[in-house]
Amino acid sequence: MNRLQTKFLGVDFKNPIVTSSGCFGFGLEYKEYFDPNILGGIGIKGLTVEPRDGNYGTRIAETPAGMLNCVGLENPGIDYFESHILPDMKANGITTNIIANINGKTVEEYVEIAKRVDKIPEIAVVELNISCPNVKDGGMAFGANPEVAARVTREVRKVTSKPLVVKLSPNVTDIASIAKIVEENGADAVSLINTLLGMVIDIRTKKPVLGNTFGGFSGPAVKPVAVRMVYQVYKAVNIPIIGMGGISCVEDALEFIMAGASMVSIGSAIFSNPMLAVEIEQGLQKYCEENGIENINELVGIAHR
Amino acid sequence: MFLENCEILENRLVAGHNYLMRVRGDKTIDPAKAGQFYMLQCKNGFYFLKRPISLHYVDKEKRELEFYYEVKGGGTKDLAFMKVGEIINIQGPLGTGFSTDMKDQELLVVGGGMGMAPMKLLIEALSKSNKVTFIAGGRDGVAMEIMSNFSLDGIETHITTDDGSVGTKGNVIVKMEELMKDKKFDMVFTCGPQKMMEAVAKTAKKYSTKCEISLEARMACGVKACVGCSIKTKVGMKKVCHDGPVFDSETIVDFDPVLEKTETCCGN
Ligand SMILES: Cc1cc2nc3c(=O)[nH]c(=O)nc-3n(C[C@H](O)[C@H](O)[C@H](O)COP(=O)(O)OP(=O)(O)OC[C@H]3O[C@@H](n4cnc5c(N)ncnc54)[C@H](O)[C@@H]3O)c2cc1C
Ligand SMILES: Cc1cc2nc3c(=O)[nH]c(=O)nc-3n(C[C@H](O)[C@H](O)[C@H](O)COP(=O)(O)O)c2cc1C
Ligand code: FES
């Protein structure tokens, strides 16, 4: 019996385990380690309309129990994704749900990429990443400004018929209020957390390690922050949550589910443990069996009761 | 499967801060070739990411892998603390290796400092059916201690050190110039500090000789999933972990690209 079967925004997921955007390439990079179809869904690297080269210089730094990155959304662009990557995913037998993470520098760019993604039948869910800096409004992240977050969600909602998940940035004072705003403006679900803004200085060179000075902080070290935010957002909204941020074992996944996540997403921990998805899938099944839980969804938000 | 728990057979100080680790492999051995690397898991859970380390040598009969590494920071220090009999998780072999399937060619191998790591296997692979000349360079005698682990019978070897404590005083480029002036090499292979490889590539180009270099980048995944090690080349963005670490030097636009700083950062 599959106790992990999940229906999320009307889509069937064989389990509530997905991968976080930017941590699983385009779904094939780990195929020599395990069958990607074991996942309920695959979150692919953030896409933009135009191909992007990303940031120059050092893009990765490590920190105790975590890492920072400033990849800068390097991606081959939607055209290349459609003409080369998607066919490659299909040729390699990927049948599980695909979650497309979309990004832009302006609201217009978000709308454009959303329109393009909407026409691709293989994409099951759209994830709107609002952690990008809004170039037109002075570089502040879309997700950090309630009005801009509302506007971009509303405009993207108009052009997509697919389930729309809005991915929230943790770099805000009150994440629950941002979650409420995107709910009111048409989000079907929220995912959180994206990376925390951080930096590392090399004391030998006396310079920032990352080419972009700042980077996104992720990994086990951020987990308590992420669990807290999922807990707060669960209380504030009536739409489901995809929880992520530092999940590195089955216990972590359970913690997120108990805090209120209907789905859990594995991010940077897969870099150090390529078998993590398999371990979490088996671990959740086992936990349900041993605790007499018919379906994993019985545990969603249980910490609030 | 490219992920394996291996028993440590040896983990000894060679000299200075440089160590040699030998492990028993099984699944990860057969495809391994010179210039490829492995991701080594540090013992301490404190270190989140694995460390990329080049394959120093593989003995397919004995089913053993060797890594030569320098203690630079906490992660490699952690590796140095590991004891014989302990288990280390390794992932690999990863990336492309050096080209080794040529025959009857005059080849020049230039290694500098820690860049000597992949050269043991490379020289063995190349010398089977080619004539190999080896220039080994380092700061001092300590850097050259690893030479005792190389099998260099029949290999024309030149050692240079900055302080002249072993071999000739000077750097590998002076020696390279000296050799290339008199002899036509079919190909040059190099691994070492960035500045050195840049100069090696320039010298090779001056003599119209093809050159393969092994680049480094900070890596998180090692399998082109994180896009962390990406560099700009003449043929587009390439991942050092997957399309490299070995590249034809001609495709490299800029060894040390000027950082394009942006005001804001979304982190990803
Ligand atoms: C493909 C590849 C092959 C490599 N092969 C070898 C090898 O055979 N032997 C060996 O000794 N080293 C090798 N390195 C470098 C090695 O990976 C780093 O020295 C190591 O990751 C440092 O880890 P740390 O925790 O000790 O240092 P940290 O505490 O993380 O950093 C200390 C210092 O080490 C340097 N450093 C950190 N990460 C890297 C990196 N990825 N590349 C280069 N320098 C780094 C930086 O100067 C940093 O300031 C290789 C790197 C790559 C990318
Ligand atoms: C290397 C890297 C690249 C990422 N790229 C993206 C991206 O393109 N879009 C996005 O929404 N999030 C991106 N993220 C954020 C992750 O999807 C995730 O939200 C974050 O890393 C927290 O989860 P974790 O701690 O489990 O890694 C990236 C994270 C990392 C480490
Ligand atoms: S290290 Fe992740 S893409 Fe190369």
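Modeller: A:Asn69 is buried, because its relative accessible area is 10%, and buried means under 20%, exposed over 50% and partly exposed in between, judged with a 1.4 Å probe and the protein chains only. The model is predicted, so local features need a pLDDT of at least 70 and side-chain atom pairs one of 80 or more, while totals for chains, interfaces and linings use all residues. Residues are numbered from 1 along each chain as its sequence is written, chains are lettered from A and ligands numbered from 1 in the order in which they are written, and side-chain values use heavy atoms, with hydrogens and water left out.

A:Asn69 belongs to strand S6 of chain A, which covers residues 66-69; strands (E, at least two residues) and helices (H or I, at least four) are DSSP runs numbered from the N terminus. A polar atom in the side chain of A:Asn69 lies 3.1 Å from the backbone nitrogen of A:Val71. This is a polar contact, that is, a pair of N or O atoms within 3.5 Å, where within protein one must be able to donate a hydrogen and the other to accept it, and residues adjacent in sequence count only if both atoms are side-chain atoms.

From there we can turn to ligand 1, which has 21 residues around it, with B:Pro52, B:Glu70, B:Gly75, B:Thr76 and B:Glu216 coming nearest; a residue is counted here if one of its heavy atoms lies within 4 Å. These surrounding residues come from chains A and B, so the site is shared between chains. Strand S4 (51-54), strand S6 (64-70) and helix H1 (74-81) of chain B each supply at least two residues of this shell, and S4(B) gives the most, with four.

Ligand 2 has 25 residues around it, and A:Ser21, A:Lys167, A:Gly219, A:Gly246 and A:Ser268 come nearest. Here too residues from chains A and B surround the ligand, so the site is shared between chains. An oxygen atom of ligand 2 is 2.5 Å from an N or O atom in the side chain of A:Ser268, and a polar side-chain atom of A:Asn129 lies 3.2 Å from an oxygen atom of the ligand. From chain B, an N or O atom in the side chain of B:Asn268 is 3.3 Å from a nitrogen atom of ligand 2. On its own, ligand 2 has 600 Å² of accessible area, and the protein covers 100% of that.

Finally, the backbone has some details to look for. A cis peptide bond joins B:Gly244 and B:Pro245, with omega about 10°, and B:Pro245 lies in the loop between strand S15 (236-239) and strand S16 (246-248) of chain B. B:Ser208, a residue other than glycine, has a positive phi near 50°, and B:Ser208 is exposed, with a relative accessible area of 62%.

How values were computed. Accessible areas come from the Shrake-Rupley method with a 1.4 Å probe; for residues, only the protein chains shown count as cover.
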